[in-house]
Amino acid sequence: MDRNQIAKWLKSPAKMANKYSLHAVYFCTGCGIIEIPPVITTRWDAERFGVLPVATPRQGNLFMITGYVSLKTLRAIIRTYEQMPDPKYTVGFGSCPINGGMYWDSYNTIKHLDKYIPVDGWIAGCMPRPEAVFIGVTHLWTLIDKGKADGYLRYKKNYAAYRRNQEMILRDIEWPPLYPVESKAEEVSV
Amino acid sequence: MRGTAVMAQLSETASTDSERELELYFGPQHLGMVGNFSITLKVRGDRVLKATANPGYLHRGFEKLMEQRTWIQNFPLVCRVNVIEPDSMEWVYARAVEKLTGIEVPERAHYIRSIFLELARVASHLFGLWAYSNMLGFDTPAQWAMYHRDLVLDLFEELTGGRVYHIYIWPGGVRRDFPKGFKERVVETLHSIGRCVPDYDSTFFNNRLFYERARGIGGISQQEAKALGATGQVLRATGMKFDIRKVEPYAAYDKVDWEVPTREDGDAYSRIWVVRDEMIESVHMIFKLLDAMPEGEVFNRGPNPFKWEIPRGETYVRCESSRGELGLYLVSDGGDKPYRVHFRTPSYPHGLTILEKALEGASIADVGNTMISLYVVAPEIDR
Amino acid sequence: MISSLQEDLESKFKDVEVRVLEQNRISVLVPGDSIPVILRYLKESGLNHLALISCVDWIEQEKLEVVYVLTSYMPNDTEHGPEQRLHVLLKTRIPREDAQVKSAIAVFENAEPYERELHELYGVNFEGHPRLIPLFLEREYEIPPFRKDFDMRKYVEDTFGSIPSVDG
């Protein structure tokens, strides 16, 4: 360990511990899932980067959305994201969450993931190689160091806009808003 | 007095709790679920009364997308129907186009296609072995299987340029010939996997725990399997030697000697043993095909693919993918785009009708076991 | 086998049009009401594997064509023979406006999910199906999405393009 690292550990141990133990929620959202088992098993070994799959979203702080997102999956993704505790980081894996990818003209997939949940980083490719996952994780560490991986703070700040987009695309949402959404003054009946 | 009244109330709820019917979701976010699929279970106590499969999480409207793209633009798209073994989709689409246009394939290309499809079968079965042994709790053979699969993916990367999506089989042959020294590397990789088979056997396949956990689980009889449209190892585990590589041979499968492995009992234990025997048979088949391969061209150049118009007609083509019978119904109206494309995927009857029948009366712990032994691959069901 | 099947069908049922597409693939066009009877006849003659139920939208002729692909397993544990290669594509044409066909579940138990899928993607109603609820789709569309008059790219632009992005 060099002196820089030791200084960082002494100054903010919580941030360093958070950074080096990103536990990923195990949710196979799309076809990108085929490169996740090689990443978490012996050949590419994500555990030396601190990344480990966990069973429930209550225990995880990294959400990798691997591949395209259909409408039914978007419901499941929003519920999973809202169950994760803060601080949490989202990474869009593959070209499809970025702008629709291969299925840009499909009636059942959403085209831009960051209109519905906040995304901290993207990994492009179809499929991205396992090395790309590790480069993405190290970039996420740099963002966490500088305090720029603030997706969960943006979600709280702009929750009204996110909730409005979710309601526009999913039409009826059966779970209540996560943070209080103020109703507009003119809708209050006298 | 008050104490006994409270005790009576508690015991009343206790006796009705185990009789209460609950609805559980073996849902998309689950550690035992490989792929984005969900099963709704109505349970009483620990027994499943009724299981309902909920597909649709991966529906892209594939067949409608293919109608909007020209014949040549569909090739990168067609392999993404199933992500675990994309090569059999490419073969089926290329064969259907060849049947409608009459393009001939050179002899060496048939051999290369067979070797390629068998390597894809080995990789897909190793992935299934990872999923299944992880589900049962055997982590070590799961890690080995994923490592060996990665060695096979290295071969694919050398041959085609991509680890997962290859786009190698075109109508008229294959995209390029084997590079120098490729044959020796294939033999070396398969030997290094084959040397570990005794380790796999002693750790997993001959393990007493695997026998206890999988014997009698998710069993179907041969009559039920035939009535519900089963193919692939689900049918071969009930005793029937139905393999499309023998029934309606294609590529170079009728030029080598090989046997179809079967088992008798139709439960999860038999299915996984059939998978193991198929992998070993595939490896032997690859060695024989490499020895018998002739020299020659690998690609018959057809007409200009950017201005391709396929004559009117319809056809139904099928092949044996690693899960069962994969078929394609293709209709062309003489234009530059397909008119109707419909994939008959093997996981469709396995995951929707057979799964619901096999889960009746199962315990909750066996749901994942049954689902993965039937080798239900979710993107194939939804397309 | 093919020629005897053709003669049997033409002699036993009326309005049957048999065409040989290529070796081992024949197509049989029948009116919609005779579908269950002919399916049962074909199953009893040995074609006991229903591989696929598909549908083609011939919009110019204003017809939907429902296609049943039938082939056969081996009887019990015998070896396979050339009759396992024969495929019969049984077709019927129904009007687009009021698409009704009798369900094939009584003959082939595994027809259930195929018919659900065609019901939601093409709007074909299968009489006698016990559970005609949506299979893949999350919502209802005005025109069933796989029909040729559903303009997919315009739908995508209207629905997904109209959602504003979130700033900050």
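## Helix α4 against helix α5 in chain B

In this predicted model, B:D87, B:S88 and B:W91 of α4(B) are in contact with B:R113, B:F116, B:L117 and B:A120 of α5(B). Contact requires that the C-beta atoms of two residues, placed from the backbone, lie within 7 Å. By class, this contact has four nonpolar, one polar and two charged residues. Nonpolar covers Ala, Val, Leu, Ile, Met, Phe, Trp, Tyr, Cys and Pro; charged covers Asp, Glu, Lys and Arg; the others, Gly among them, are polar.

Helix α4 of chain B is residues 87–101 and helix α5 of chain B is residues 107–136; their axes are 9 Å apart, at an angle of about 145 degrees. The axes are lines fitted to C-alpha atoms, for helices over the stretch in contact, and angles run from 0 to 180 degrees between N-to-C directions. Helices (H or I, at least four residues) and strands (E, at least two) are DSSP runs, numbered from the N terminus.

## Contact between chains A and B

Chain A puts 30 residues into its contact with chain B, and chain B puts in 26. On the chain B side, helix α6 (residues 139–160) gives the most, with four residues. The chain B side consists of 15 nonpolar, eight polar and three charged residues.

## Chain A

Chain A contains eight helices and five strands, in the order α-α-β-α-β-β-α-β-α-β-α-α-α from the N terminus. Its C-alpha trace spans about 65 × 40 × 25 Å along the principal axes.

Of the 190 residues in chain A, 41% are buried, that is, 20 or more other C-beta atoms, placed from the backbone, lie within 10 Å of the residue's own. Of the chain A contacts with a separation of 6 or more, 75% are between residues 24 or more positions apart.

## Chain C

Chain C has four helices and seven strands, which run α-β-β-α-β-β-β-β-α-β-α from the N terminus. The C-alpha trace of chain C spans about 70 × 40 × 35 Å along its principal axes. Its radius of gyration is 19 Å, whereas a compact globule of 168 residues would have one near 15 Å.

Buried residues are 35% of the 168 in chain C. Among chain C contacts between residues at least 6 apart in sequence, 53% join residues at least 24 apart.

## Numbering and model

Residues are numbered from 1 along each chain as its sequence is written, and chains are lettered from A and ligands numbered from 1 in the order in which they are written. In this predicted model, local features need pLDDT of at least 70 and side-chain atom pairs count only at pLDDT 80 or more, while totals for chains, interfaces and linings use all residues.

Notes. Rg over C-alpha atoms; globule rule 2.2 N^0.38 Å. Buried ≥ 20, exposed ≤ 12 C-beta atoms within 10 Å, placed from the backbone.
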